[in-house]
Structures are given as C-alpha cells and as structure tokens.
Protein chains: 6
Amino acid sequence: MKTILAYGDSLTYGANPQPGGPRHAYEDRWPTALERGLGGQARVIAEGLGGRTTVSDDWYAAADRNGGRILPTLLESHSPLDLVIIMLGTNDLKPAICGSALEASFGMRRLVQIIRGHYAGKGEQAPEIILVAPPLVCDSDNADMMGHFGGYEHGLNESRQFAEHYAKRAGEWNTGFFDAATVAKASPLDGIHLDAANTRAIGEGLVPLVKQILGL
Amino acid sequence: MKTILAYGDSLTYGANPQPGGPRHAYEDRWPTALERGLGGQARVIAEGLGGRTTVSDDWYAAADRNGGRILPTLLESHSPLDLVIIMLGTNDLKPAICGSALEASFGMRRLVQIIRGHYAGKGEQAPEIILVAPPLVCDSDNADMMGHFGGYEHGLNESRQFAEHYAKRAGEWNTGFFDAATVAKASPLDGIHLDAANTRAIGEGLVPLVKQILGL
Amino acid sequence: MKTILAYGDSLTYGANPQPGGPRHAYEDRWPTALERGLGGQARVIAEGLGGRTTVSDDWYAAADRNGGRILPTLLESHSPLDLVIIMLGTNDLKPAICGSALEASFGMRRLVQIIRGHYAGKGEQAPEIILVAPPLVCDSDNADMMGHFGGYEHGLNESRQFAEHYAKRAGEWNTGFFDAATVAKASPLDGIHLDAANTRAIGEGLVPLVKQILGL
Amino acid sequence: MKTILAYGDSLTYGANPQPGGPRHAYEDRWPTALERGLGGQARVIAEGLGGRTTVSDDWYAAADRNGGRILPTLLESHSPLDLVIIMLGTNDLKPAICGSALEASFGMRRLVQIIRGHYAGKGEQAPEIILVAPPLVCDSDNADMMGHFGGYEHGLNESRQFAEHYAKRAGEWNTGFFDAATVAKASPLDGIHLDAANTRAIGEGLVPLVKQILGL
Amino acid sequence: MKTILAYGDSLTYGANPQPGGPRHAYEDRWPTALERGLGGQARVIAEGLGGRTTVSDDWYAAADRNGGRILPTLLESHSPLDLVIIMLGTNDLKPAICGSALEASFGMRRLVQIIRGHYAGKGEQAPEIILVAPPLVCDSDNADMMGHFGGYEHGLNESRQFAEHYAKRAGEWNTGFFDAATVAKASPLDGIHLDAANTRAIGEGLVPLVKQILGL
Amino acid sequence: MKTILAYGDSLTYGANPQPGGPRHAYEDRWPTALERGLGGQARVIAEGLGGRTTVSDDWYAAADRNGGRILPTLLESHSPLDLVIIMLGTNDLKPAICGSALEASFGMRRLVQIIRGHYAGKGEQAPEIILVAPPLVCDSDNADMMGHFGGYEHGLNESRQFAEHYAKRAGEWNTGFFDAATVAKASPLDGIHLDAANTRAIGEGLVPLVKQILGL
C-alpha cells in the first residue's frame, strides 16, 4: 500500500465556485478521485488550504498560507510517504501577494528543496514528487475575485505561463510534471474554482502518471 | 462610561503633513475630538502607528506594522471594550506593500474576524466595530511620499475605491461604516497626512454614528 | 457522514515504542480504530506530529511543534468539522519545553479558544471538542527518552496529574473529556509510546463518548 | 505637559485578584493614580497586558506576551515620551516561562536597550526610564495560580529577589528604580494580583520619584 | 588594525554570472580586493548572501533573505567594528519582493537605524557606515533572471535610480556613499551578476573613501 | 584551499572572562589558532555569537541566539564549505533557556540535520561536520553569571555530561567529535569564558582531527 500526500490550495480542498456554496463532496475532490483511480493500491492524504501560496506570506486569513512554512509539519505527520503531489501557484498570481507565474515556479522549486532536504537531513529517503500546473484563470462577473488576481487579463496571462515554467523546473529538478489545465477548466462562477466534474478530472488525469512513477 | 479603541495609522497618531513637523497636539487628534464630542460618556483610547497596514508586513520601521499581528495584544490590554473603530488602509496602497484598496478591504475583514474570534474564543461578547474608509490621497510636491504610493495617480485612484469596498465589507460583516473622505482632506504638503483641522474633523464626524451604535 | 479531526502528537501519529521501529500500521492507529468503531458514520482525519506540544515552542525538529500555531491551518484544511479530539500534553512534560501537566492543561484551554475563535471570527459554528488526557509515562531503560522527561519520576508524577487538570479545564470550558490512561499503558520499551494494542485501545475507548457527543 | 508610558502586565492592567472579577475601575489603576498625583502636569498612558513577561515567549494566550517584541510598536504609537515606567517580571517567575527573578532583571535590561536603541536609531532622544520591582507573591488557596508560579515558596523566594536584582540593573544602566513591594501587597485571593487600594498605592508611591526625574 | 563588515547580497558573495558557475575566487571578491587595497590596515569580513534584500522578506530560499532580521546577529558576532559597508538593493527590485529603488533606499535607511540603535542600546559607539548603490541591471538572454526583475526595462529603470535615492538617504543620515555603478558593470551572461574583474573593481573603488572615513 | 566554518557562541567569538574586558585578539581566538595550525591549507571563517544556543530561543539580546534559525543563512553566505565545526551547548545549560546537556546534544543533532538537509535539498554535497563538546563550567565569584547557569553545581554537573552525550550523537549521525574540555578550562573570573591561552588551545587541539577529516 502506497501513501501519497496531495498538497494544495482551495482547488485541492474542493472549494465551490459558487460563493458561499458548500465544499465539494468527499467523493468529488481530486485526491479522492485519484485514490479511486489507483484501485486500492494507495492512500491519498488531502491537505488543501484555501489561499495557500507556494512560499509567499498572506495574512488575510487565520491560517498560515505560506506553503513552505507548514510543509515540514505535514511531511512529518504523514510519513512515510511514497509521493508528494503539489498543485499550487494560483494564489501566487494575486498581485498583492506575488503576481507572477514565473516566481510561482521558483516557489515550487523551493518546496522540492524542502521535501528533499527534510528527509536527507534525517538520513531518510525522500518521496517522489509531481509538480502540477494549475488550471487557467477564466473570466467571471465575480468582481472581487477577479480583483484579487489583478483582473481577468492578468490572471489569464500569468496562468497561461504555469505549464511552461513548471515543466522547466520539473526538468531541472527531476520531478514528475502534470498540467492540470489539460483536463480541468475553472468555472465562470468565480473564474478560479472548479465545479465537481472538473475537480474530479484532475484526480483522474493524474492516475497514469502516478501509476508510472510508483510502479503500480 | 463606554470604552472605545481607535485603531489606526499615522492619521490616528496625528502625524504632521509638514515633514519633520511635530505630532498634532493631543487636543487636535481625532480620537480626542471624538471623546470630546461624546461629552464624557466614553473614553477613547488611541492606538495609531505610523505606517500600520491592515494585515501586511512592512519591515521598514522598528515597529511591527502588520495591523493584524498586534491587534490581539491591544484588545487584551484595553478590554472590556464597547467599540473598536478601525481606520486603516492608506499604507496598504503602497505598491511595495500591497497596492490595492480592494485587498485593504479584505484586510479590514480579517481584522473584524480577529476581533470577533478573540472574544468568542474566551466566551466573551465582542465589541461593536466601525470600519472607516481613509481620506483620499492628494497631489503633492513631496516626491518621496508620492513615490511610496506609486505616484499620485495610483494613490488617488486606489484611495477613491476605499469607500465602496469598505462599505461592502461592512455590509457583509454587519459592522458600522464611515467614510472619512466625506469630512477630511489630505494636505498637499505631503499628499497623505492631515492638518489639525482635518484631523479633528474625523473625530467630530464620527460622533453621530458612535452615539447611535452605543446608544448614547 | 460526520467529520472528526484527531489532533495529537506521536501517540496519534502511531510511533513505535521500539526506537527506530516502523510507524504502527494504519489499521492500528487510534484514529483508524475510532473510525472503525463508528461504523461508517464518520470520517476521522489524523493529524499527529511527533513531539507536538500544546502551545510551547520546540525547535529540535524541522516541523513546527507548537500545537497552537499550526492548528488554524488544519482547521481550515479539513472543515467543515463536527468534532475535534485533542490528545496532547505528553511533550509538554519535558522540562526543557514546559515541564508541567498543569500548564499543559492551560495549553489545552488555549487550543479550545483557538478553535472556537477561529469559527466565530468567520460567523461559523464551531465543532464539538474532546480533551483527552494522555497515558501515563512509565519506567524504561531508554535513558535518552527518560532524560527528555526529566527522569521517570518527574514524568510519572506529572502525567498522573493530567486527568485532574484536563477534567477541570473541560468542565470550565464545556468540552468533552476522556482519560486515555484508563485504557492504554505506555510500553516499557521507551516509557512513552504505545504498542499497537494500546494504541487501538484509545480509539476504541473513545467510541461511546464520540457517539454520544455527535448523537450517533 | 509631560507624557509617560506605563508598561506592564496584569498589575498595570488592573486585574482583579478575585478570579472572574471585573477589571479595577479606571480610577483605581496605578497609572491613573500616578496621573492624578502629578496634578495635571503629565498624561500617563497605560499599556498593561495580563501575562506579559519581560522578554520571554508565552503562547498560552491570544496576545503576544513577550514584552520585548511589542514594545517598539507602543513606543512609536505614543511618542514623544518623557518617561517610560516598566513594571514587569512577575510572569517571568513561572517555571514554564523562565522561573527566575535574576533573569527577569536581565529582561528588564533588554527592555532598556530596546528603548534607548529605538530612539537612537532614528537620531532622537530617548525618554527617561524607571524600572519597578513588582510586589511579592503571597500565599493563596488558588491552587492553579500558585501552580503557575511553581508553588508559593518558589514564587515568594524569587519575588523577594526582584528588588536587589532590579536595583543593580538600574544602577548599571543609569535608570530610575522603584520597589513596588514597599507600598503594595498581593491579595491572598490569588496570591498575585492586588486589590484596588494596593493598586492605587503603586501610582501614589511613584509620584515623588517621577516628579524628581521629570523635574516637576 | 581596523575591522570592516561588508554586508551584501550575491554581488558581495561573489556569484558567477554564468549560471551554475563556481563562486568567484576569494581573491576576486570585492571585500578581499578592498582589504588588499587597505594594505594591512584593516580586516574585511564578508557577509554576502545570494538574494538578500534590504528589509523585505523572501522565502524562496532556505536562508533568511531579509537583511534587517539577520543584521543584529552579524553585528554582534563581528564587533567591535569600525565600519559597515552595505551594498544591497538589487534584489529589492524584483516586483514579487518590492519592485522599487526608492523603497530600497528606505530599506537602507532602516539598516542604518538598526546599526545605530544596536550599539546605542548597549551604550556603545556605532561604527561608521557607507551606503553603496549597486551596479545597473543590464540586458541578458537569461529569461528567468530578467523575469525575476520584471524584465530588463524595469530592472534598468529602477537600478538607474539607486544612486540618486541612496545619496539622498546618505545625506539625510550622515553616512558615507559610494556608487558602484561608476566602477562596475553587470555581465550580459545573466544581466545582474559581475565577472571577476568588475567584482574586484568595487573593492578597489571603495579604497579611497574607506581610507578617508577611517583616517587611514 | 579548504574552507571551514567555525560555528559557536561567546567561546568562539572570543569573549573575555573579565567582565567588560575586550574581545580576545584575533590571533588568540580558536578559529584563528586552528587556521594557523593548518598551515595555509584552509581558511577558517569564525561565526561566534555571545549567548548562542543550539536551537533554543533566547530574546535577552538584540541578536537571534537560536543557532538553528541563523545557520542556513551562514551556510549560504560561506559556501562552498568543506567542514563545519560546531561548538555550542554551554548556553543551553541556563535553566531559563533549556537547562540540560542531554537536550543540547539533541540540539546539536538538529544542527546536523539542518546542514545535511540544506545541501541535499539543492542537490549539493554537504560538508563534513565536527561536534565539539564545550569546556566545563567552573566555580566563580561572578554571582550573576553563576546565576544564569542555575548555580555552579548545576552548571558543572550538566557540562560534565556534554562529552558523553555529544559523542553518542556524533556516533549515531556519523560526524567527527572533539571534547574541548580535554584541552581548555574556563576561567574562574566568570566561570564560563576562557582566557586567551585556553581559547587558543581549542584551535590547536582541533588541528589533528581536522587534518584527518579533510585529508590534509
């Protein structure tokens, strides 16, 4: 039995694109869909926090949204791990936080370093890693949400660069790579979050790569 | 006797728009003016820190300018409180810090959450809250100050959005709202700070709303 | 379907009392045993970190062991929650960290405040809470482990006070209370950790109280 | 008109020795009594936080209790200041926090350094400083409170050393010194806090020294 | 024998403009060149950290890049000091971090305050200070590096303002000032870093000013 | 040419056991003595901070004394490194900070993990490491200094355990080990610090082990 950590933001949490709507059902969240797709050969632990960034601070919520500060705690709590899947970066696109897909890719690099350093420091073997480029921002009438991302054009232009930058980092650091934009589209309800079907699609889309990496 | 906390930045501190000029006299600061206007029915405690933001970090000074990090300490030190008046957001407009009135309004939301969570956590009743939209940035020959705000146009355009965003947050979170731009204008000496008369005007302008909220 | 967060330290993680031994099997950890005992009516999310304290800092590991700093993140990531079960305090007994069961009980109080304040700040309903007094420290030849706890006598004397202090806090703060020492004994292999059977026993022991609190 | 900052813990806040009792009336707190005694020649700003230490961390409350971390913010918010009176150290005596009156005196030294460095860094003149040795811990039936202080004997033995150590530090660092134990006694209700009369007595006791230092 | 602290970023570290290339030889780093130029009359301690900013946080690396947070530690470790030379600001130009040469100059001001406050707090004499405006960003095919700086034009435009703003701050705060752009040019290999000759040139260029300030 | 980082506290800094006395001359500090003993085959970079602990917080000074928090910055600033020599632990013995040589040895373990994780995270080779057990505390008339260490007996008893615990950690983690108590004795002037001859002796004593580890 393999153990996989799904580390992400509201898209991993399963946030509803309908403002105020309930969290997607357990069955519809992508870590659950991935676990289902792996047919009992792995447990997928979901750690998705709304607003989480790669490694930028964001104090607009009670939770610590800096993905680098909290990661070692979660690695410890869920080890031994065979694989860590990281889908982060959307929140990095907010101009007040970071504003750049390029920098998000370097935040992903830092998370890779944290994971590898964490285990190496203790003389243990690090898990495999997959970097996931998030879906594209789409247009929406939700003015506040679009405003967080510097407007639709900024959000779209930057999110379009995720795949290229993340793939480059994955190549340099020898991790797996998956482009979620190839299987999932944001809902126009808020321009960022995914409906249930698109959420499930990410988990399903990841199955082949995860099987390959874990030799399942 | 009611107790009111006035939580703010240099405009609450009473900074002089004349660079290097002395702090406005105690009598001229808006918390004092408000206390005077309440005719002995309330004590107003002033906590204004130059450069304070809503919830963004700013390490350009020795003091911790993140308004969210310090707030619980001040709530504890001055409780029991009947009302907290928050006038923040101007410093959020600096592009190096945040750059956006929209995000400032969400910083105000976070401060509301901190206040309500603080008391609820201990099983105590939270004070009433008023969100105050700060005065508009105006043009000035003070190049450094204008530079901090990304230039006059950026500062003005963003500060013009305070009222709309703050009123929306106040509505969503059921707090009082006051637009200081309706009673006070920044001094052209530095484009941000207020002369003594405009500082007093905020306290005087707040009197009716405070009386209504506190039932005075 | 109810959702329960099991928040704890190495005893919740499932650490092996045999130094260097593997983590207890998923089936043997107490959150799993509790989930099993609830017969499909609840999902139990396990967040156990080796060395976690209630609210004291401990920088001897890469992870942030202060249970209060990380809790808001986990609440956000796993909400909506119906119940939070907290079993912490053993690590507080280390003299270098805190040294006192009494203070551990006040650390538990702080965690209750954090949980209730977290949800109240956002206008949401807080989950139910159960405070669990940890098992007693027992004697062991593991000199380093005994040393961390100030020697066997100190560890035992303090851990014997958990139940009284935690029950008092639970009464004052209107939470559930369970004394794990009534169902589980530490292994003499290291004096602190539990073998698989004693680990399972905690989950099984909690079933009646959890059912009652959640109305199952 | 002089401005004085009264920086302290629950004794400066005006906590009631009767657990759950209300904060002492504004008129009975020692900063108010001092202001009254100065006959209109000074304003005394009270910043007292329950549980505040000199420079030790304590995460048992929502507020930041480390007296060194918050001090620069308060200095900025209330400057220009003529005098800072610091009465801290009682909470340092808790074994879980620090446990030692000697170290508390070195915490006071650090606060002196923070104050002087704060102003010197900006090329401004630092205010005068008075270090106040807190009243002695006394015996009480309040077991939790005595427990926080390591028992009555530990609390008393350490608090008896405040005056000697603080006076030594004051001499070395050229600050004023006042021993509050000469004018105020803790209430046996909890062994730590002061009734209204003893609280007022500190303010009244400080009047001559403050007048002398400020040339009033 | 004088002691000088050279406090900087990758340009002080001696980073190679050839990505992946080795650190410049000890002899080629500018602190070494300066020491050589001072002819045995001073020891120059180099503390250069890649990515260091003046006072902004940057969590993209394992090291703490905020130049203000680490400075007191280095001052303590290397005191007594006769002179601190600070060459920082280039990394402040990254839009994700700060984006502005003007703000970098105010970050330099904060470092001056930290240095002077550090020593004054302990009643010691502060060392002399020289603020160094970094070399200009130049164009490069290194897309990632140019991307970090918001593109070549943004990097160049802002870095061109270093000298004016730093000179103004130096005048206001009575420190020495040196413009490294007058003696060193960035390499087109990455647009930011210096080849060995240009690195040495900074140390050599500083010699006359350092001699004058230290009376050598 | 090899590069060695000497990471320590006041004993590495070269503090004078005569209170208020000057720092030991550059030539007398142990890193210098070690460099001299290596006959031009290595550069030894000294980073000694008064009061530095292994991994405990201590806010009694302006500098960050937690040896784990600052270490990554120094590793980055001085890499590539061939060897890191760590002599820490004395300050851990202060009861207000940690109080235990056993825990100090686990703090040393954490520093080993930080070093190895730091380089492994970036795919680089970590330097060799030597753990140095500090000299013994001796008796002194300096009451404040003895008080910091919980009295002479506590200081001596704990410091006598350094060698055993550090050697055990070194064995478990495959690092070099050296017992400075075999070559250096604290001065009775303050019971903690070393005179110049004893300071030099540590560097001289380390020469054979360093040569062996570095193959010189």
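Predicted model: local features only at pLDDT ≥ 70, side-chain atom pairs only at ≥ 80, totals over all residues.

Tutor: Residues are numbered from 1 along each chain as its sequence is written, chains are lettered from A and ligands numbered from 1 in the order in which they are written, and side-chain values use heavy atoms, with hydrogens and water left out.

Student: What makes the relation of chain A to chain C that of a two-fold axis?

Tutor: Chain A can be laid on chain C by a turn of 180° with a shift of 0.0 Å along the axis, at an RMSD of 0.0 Å. The superposition is by least squares on the C-alpha atoms of residues with pLDDT of at least 70 in both copies. That is therefore the relation of a two-fold axis. A:I70 is the residue of chain A closest to the rotation axis, its C-alpha lying at 3.7 Å.

Student: How do you know that the copies meet through the same surface?

Tutor: Of the interface residues of chain A, 100% are also interface residues in chain C, so the surface is the same. The contact (heavy atoms within 4.5 Å) takes 23 residues from chain A and 23 residues from chain C.

Student: How much area do chain A and chain C bury between them?

Tutor: They bury about 1800 Å², 53% of it on carbon and sulfur atoms. Buried area is the accessible area (1.4 Å probe) that two parts lose on being put together, summed over both. A:R43, A:T73 and A:S77 supply 26% of what chain A buries there, more than any other three residues.

Student: Why is the pair A:R43 and C:E27 called a salt bridge?

Tutor: The term requires a side-chain nitrogen of Lys or Arg within 4 Å of a carboxyl oxygen of Asp or Glu. The side chains of A:R43 and C:E27 meet at 3.7 Å, N to O, and the pair qualifies. Between chain A and chain B, A:D144 and B:R169 also qualify, their closest N and O atoms being 2.6 Å apart.

Student: What else describes the meeting of chain A and chain B?

Tutor: Nine residues of chain A are in contact with 15 residues of chain B. A:W59, A:Y60 and A:D144 supply 63% of the area that chain A buries against chain B, more than any other three residues. The two chains together bury about 1100 Å², 48% of it on carbon and sulfur atoms.

Student: Why is A:S77 called buried?

Tutor: Buried means under 20% relative accessible area, with exposed over 50% and partly exposed in between (1.4 Å probe, protein chains only). A:S77 has 1% relative accessibility, so the residue counts as buried. A:S77 touches residues of chain C, among them C:Y13, C:R23 and C:E47.

Student: What makes a set of residues a nonpolar core?

Tutor: Such a core is a set of buried Ala, Val, Leu, Ile, Met, Phe, Trp, Tyr and Cys residues joined through side-chain atoms within 4.5 Å. The largest here has 226 residues, and those with the most contacts inside it include A:I86 and C:I86. C:I86 is in contact with residues including C:Y7, C:M108 and C:L111.

Key. Lists of a residue's contacts leave out its neighbours within four places in sequence.
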